[in-house]
Amino acid sequence: MIISYKHKYIFIHCRKTAGSSIKCFLNKYIGPKDIQIGSWHEVIHNQGSFNRRFIVDLLAPRLFFNISTWKNIKKGLCNKNIYKQLNSIHKKYYNLYHPSASDLAKFDESAWNNFFKFCFVRNPYEKAVSDYIWRVKAKNLDISFLDFLKHLESPNLYKDDHIVPTQIDNWPMYTINDKIAVDFIGKYENLYHDFEQICKIIGLPFYKSQFPRVKHYADYKYREYYGATEKRLVSKIYEKEIECFGYSF
Amino acid sequence: MVIADTEFTCLRPLGQETRPGLTKAGRLSFCAMLEGRKVKIYETHSQRQTNLRQKIQNTVFGKSFLPGIIASEGTYVVEEWIHGTSALTSKAGIKKTVETMIQVLLQDPKLINLAQEQAMSFCYLQNYLYPRVAKWSILSPVKDFTKEWQKRFDELRPHLPIRISHPDLSPANIICQEASDRKVIIDNELLGSGFGWILDWHNSLLKEQKSVSLELIQQHVPEDFLEKTWRLRLLGSALDREDYTQALKIAKGK
């Protein structure tokens with residue numbers, strides 16, 4: 001998520017929709033008071049930089065004098081992933097991970113009411129596979145796609161096994177009471193074109209060549225992961241997105 | 001009702017006959033009194049739409065064609081009530097007025113900048129028309145048609161400019177003001193910035209074959225999409241009046 005007071009926009013980072021890449025691109029134009037939550041380590045790895053707000057947030061007494069902050073820093077130094085740890089610590093400052101639209105509206109009502117708000121969505125059938133591949137790799141899990149979907153379908157049964165992401169469905173991230181609450185929803189399938197249009201709106205230049213692809217693990221054909229049960233599960237889990245955007249397998 | 005610290009009294013519902021006080025978009029709409037003067041109060045889609053309405057007021061378009069704003073706060077706007085006769089009773093010259101209005105909306109550089117600055121503060125297509133029809137997706141032909149429309153829209157959207165749109169420029173909504181003889185648009189609930197301009201000419205219901213403003217629209221919008229979008233609009237109206245036979249015909253393209 002980014003709230004840019006400089007360029008007057010709010011970017012909602014929906015999961016598995018190139019959000020980290022978008023943040024890396026937008027980082028080039030980030031203002032000193034802008035709030036970015038998440039993806040800082042990816043920004044730094046893509047030649048980006050921290051802004052003033054990030055540093056000030058990290059130096060806040062409730063983080064600075066917290067023992068777990070220093071444990072995380074130590075862990076980061078040992079594992080050579082200090083930026084990732086700083087990113088995690090910073091997330092704790094706001095206690096917003098992949099915040100919902102209603103969380104953001106409460107967090108800064110004035111910005112929410114007056115700024116241009118945008119996010120991206122993606123065909124859930126493809127997104128589910130991307131999420132699966134990412135989680136299998138990131139968490140080093142040995143689980144089939146079908147089992148992964150079963151976890152998503154009944155998250156409460158499996159909440160402690162680190163397979164289920166904190167935010168399964170992106171729908172609440174850009175809707176309030178099931179009504180779309182943002183100004184522009186780009187499609188992952190039209191990523192460059194839609195993002196170019198967004199850049200025009202918020203007054204930033206767009207160069208496709210400067211748009212990084214941050215979390216690109218493998219080329220895959222998502223349809224190959226599906227049987228009838230998998231299709232049924234995805235259409236159930238992501239029913240609202242499929243309905244609203246007319247997505248199909 | 002208090003808006004921006006001003007109290008408005010004698011509220012009476014406007015909107016549809018079947019749902020008094022509510023517009024088709026499901027927003028509140030009233031007439032009221034302020035110090036002996038009649039005013040119109042309506043709810044907007046969002047505060048950004050309210051901001052846009054305020055900013056348009058300061059443009060030539062606003063000063064020429066829109067009622068003055070008396071107050072606004074959050075998602076409420078209070079406009080002066082326009083006394084006069086509807087253009088429905090004197091159609092002569094109305095085509096020229098609507099033509100001018102649309103051309104100004106599409107071409108005035110200040111409005112183009114404003115459209116960009118307040119982009120998507122209310123998009124008639126995305127925030128109103130499409131959701132209004134898509135909720136009927138339980139009917140397969142409607143589902144198929146909305147999907148087809150959405151697919152084409154996704155292809156074209158990156159190439160469509162964002163403009164200020166007024167989808168209610170029908171003669172019934174244009175009043176010739178008694179006091180000034182000025183032509184004023186009275187229904188501004190759907191005034192927004194987005195892609196709604198595609199249908200501004202069609203929505204004026206003038207049904208003229210030749211139109212300069214329509215040609216301006218056609219410069220940016222392929223014919224097939226214009227036709228599909230107008231069908232979407234007709235489909236929405238048919239569903240609203242619960243004319244399902246007609247709705248299914250439109251959805252199937254018959």
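Of the 249 residues in chain A, 53% are buried (under 20% relative accessible area, with exposed meaning over 50% and partly exposed in between; 1.4 Å probe, protein chains only). The structure is a predicted model, in which local features need pLDDT of at least 70 and side-chain atom pairs count only at pLDDT 80 or more, while totals for chains, interfaces and linings use all residues. Residues are numbered from 1 along each chain as its sequence is written, chains are lettered from A and ligands numbered from 1 in the order in which they are written, and side-chain values use heavy atoms, with hydrogens and water left out.

Chain A contains 14 helices and seven strands (DSSP runs numbered from the N terminus, helices being H or I of at least four residues and strands E of at least two). Its radius of gyration is 18 Å, close to the 18 Å given by the globule rule for 249 residues, so chain A is as compact as a globular protein of that length (C-alpha atoms are used, and the rule is 2.2 Å times the number of residues to the power 0.38). The C-alpha trace of chain A spans about 50 × 40 × 35 Å along its principal axes. Of the contacts in chain A between residues at least 6 apart in sequence, 68% join residues at least 24 apart (contact means heavy atoms within 4.5 Å).

The accessible surface of chain A amounts to about 12,300 Å², and carbon and sulfur atoms account for 50% of it (Shrake-Rupley method with a 1.4 Å probe; for residues, only the protein chains shown count as cover). Chain A carries 38 positive and 25 negative side chains, the centres of the two sets lying 7 Å apart (Lys and Arg count as positive and Asp and Glu as negative, without His and the chain ends; a charge is placed at NZ of Lys, CZ of Arg, CG of Asp or CD of Glu).

Between the chains, 22 residues of chain A are in contact with 18 residues of chain B. Together the two chains bury about 1,700 Å², 41% of it on carbon and sulfur atoms (buried area is the accessible area, 1.4 Å probe, that two parts lose on being put together, summed over both). On the chain A side, Asp183(A), Gln197(A) and Ile201(A) lose the most area to chain B, together 27% of what that side buries.

In chain B, eight of the eleven residues of helix α5 (residues 124-134) are buried, so this helix is largely enclosed by the rest of the structure. Its buried residues include Tyr124(B), Tyr128(B), Arg132(B) and Ala134(B). The cover over the buried residues of α5(B) includes α14 (239-245) of chain A, as well as α6 (140-156), α7 (200-203) and α9 of chain B. Helix α9 (residues 223-240) of chain B holds Lys228(B), which counts as buried at 12% relative accessibility. Beyond its neighbours within four places in sequence, Lys228(B) is in contact with Phe145(B), Glu148(B) and Trp149(B).

Most residues other than glycine have a negative phi. Asp178(A), by contrast, has a positive phi near 65°; this residue is in the loop between β5 (175-176) and β6 (179-180) of chain A and is partly exposed, with a relative accessible area of 45%. A positive phi, near 50°, is also found at Cys10(B). Cys10(B) belongs to strand β3 (residues 9-13) of chain B and is exposed, with a relative accessible area of 55%.
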